[in-house]
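Me: I'd like to learn how to read a two-chain model feature by feature. Could you walk me through this one?

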Amino acid sequence: MADLKSQTPTETLDVLGRVCPYPLVLTKKTMEKLPSGGILKILCDAPASAEDTIPRYAEKQGYKFESVKLEDKGYWELYIQKT
Amino acid sequence: MAIRKLAFIVDKLPHKTETSRLALTHAIASQTVEIYLEDGDNVEPFLVFIGDGVLNCVKDQKAIDIYGVTSLGMHIQNALLVGLNVYVCKEDLEKFGLTEDSIIMDAAHLGGELKTQIIPYTEIEKRVEACDHLLFF
């Protein structure tokens with residue numbers, strides 16, 4: 001199966017400028033509404049959220065997760081697929 | 001496997017202390033605690049404003065102009081945005097001469113779907129009695 005990042009996301013969530021715990025809370029709320037198999041793309045510049053809480057949430061839920069750190073832009077693109 | 005109901009109860013005035021802000025921050029943050037809990041365990045938080053605490057919900061607080069801090073209004077809107085139930089005591093609002101038009105009722109401009117609920121004190125009591133933990137701010 002193709003990487004999540006190479007697929008068209010079902011929805012994109014922009015949490016740039018928001019700090020913990022908002023990126024995770026908003027991610028959770030968005031994922032709850034996403035259909036099974038849907039992919040959420042998250043734009044996030046909060047390190048603790050991008051590198052810890054959101055990946056931890058995806059793992060706990062059993063969701064497929066990918067992260068791309070855009071060093072030049074200073075934020076992460078995170079991809080979660082709802083199973 | 002257990003769901004713990006948490007009531008964050010605010011009965012203090014806004015801005016002179018950090019207590020109201022802490023209540024909002026902790027209530028919002030509590031929605032993420034499941035990632036650190038065992039599978040099936042979770043919390044169900046909600047916010048209650050009673051007594052002097054209802055003044056935290058007033059619109060156009062201008063806190064940045066007066067105290068140099070961000071308004072609690074935005075924090076309440078964020079709470080609604082992330083799906084926290086916010087209850088305000090009807091009798092205490094009336095005591096201050098406030099109405100639905102005087103307080104923050106929604107976060108629609110942020111995309112929030114929930115609305116602030118103004119309910120009688122007896123209804124607040126029922127909700128609080130059903131909680132596992134009460135946190136006063």
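Me: In what order do the elements of chain A run from the N terminus on?

Reply: Helices (H or I, at least four residues) and strands (E, at least two) are DSSP runs, numbered from the N terminus. For chain A the order is β-α-β-α-β-β, with 2 helices and 4 strands. Keep in mind that this is a predicted model, where local features need pLDDT of at least 70, side-chain atom pairs count only at pLDDT 80 or more, and totals for chains, interfaces and linings use all residues. Residues are numbered from 1 along each chain as its sequence is written, while chains are lettered from A and ligands numbered from 1 in the order in which they are written.

Me: And how many helices and strands are there in chain B?

Reply: Chain B has 5 helices and 5 strands, and they run β-α-β-α-α-β-α-β-α-β from the N terminus.

Me: What does the radius of gyration say about chain A?

Reply: Take it over C-alpha atoms and hold it against the globule rule, 2.2 Å times the number of residues to the power 0.38. For the 83 residues of chain A, a compact globule would come out near 12 Å, and the chain has 11 Å, which agrees. Its C-alpha atoms fill a box of roughly 30 × 25 × 20 Å along the principal axes. The box for the C-alpha atoms of chain B is roughly 45 × 30 × 30 Å.

Me: What share of the residues of chain B count as buried?

Reply: A residue is buried if 20 or more other C-beta atoms, placed from the backbone, lie within 10 Å of its own. By that count 36% of the 137 residues of chain B are buried; for the 83 residues of chain A the figure is 35%.

Me: How many of the contacts in chain A join residues 24 or more positions apart?

Reply: Two residues are in contact if their C-beta atoms, placed from the backbone, lie within 7 Å. Of the contacts in chain A with a separation of 6 or more, 65% link residues 24 or more positions apart. In chain B, 78% of contacts between residues at least 6 apart join residues at least 24 apart.

Me: Now the helix packing. At what angle do H1 and H2 of chain A cross?

Reply: Two packed helices are described by the angle between their axes and the distance between the axes. Axes are lines fitted to C-alpha atoms, for helices over the stretch in contact, and angles run from 0 to 180 degrees between N-to-C directions. H1 (residues 22-33) and H2 (residues 47-61) of chain A come within 10 Å and cross at roughly 30 degrees. That makes H1(A) roughly parallel to H2(A) (angles under 35 degrees count as such). A:Pro23, A:Leu24, A:Thr27 and A:Lys28 of H1(A) meet A:Ser49, A:Thr53, A:Ile54 and A:Tyr57 of H2(A).

Me: Which helices of chain B cross at roughly 20 degrees?

Reply: Those are H1 (residues 19-29) and H3 (residues 72-81) of chain B, whose axes come within 10 Å. H1(B) and H3(B) are therefore roughly parallel to each other. Among the residues making the contact are B:Leu24 and B:Ile28 of H1(B) and B:Leu72 and B:Ile76 of H3(B).

Me: Last one: how many residues does each chain give to the contact between them?

Reply: Chain B gives 8 residues and chain A gives 10.

Terms used: Buried ≥ 20, exposed ≤ 12 C-beta atoms within 10 Å, placed from the backbone. Parallel < 35°, antiparallel > 145°, perpendicular 65-115°, else oblique.
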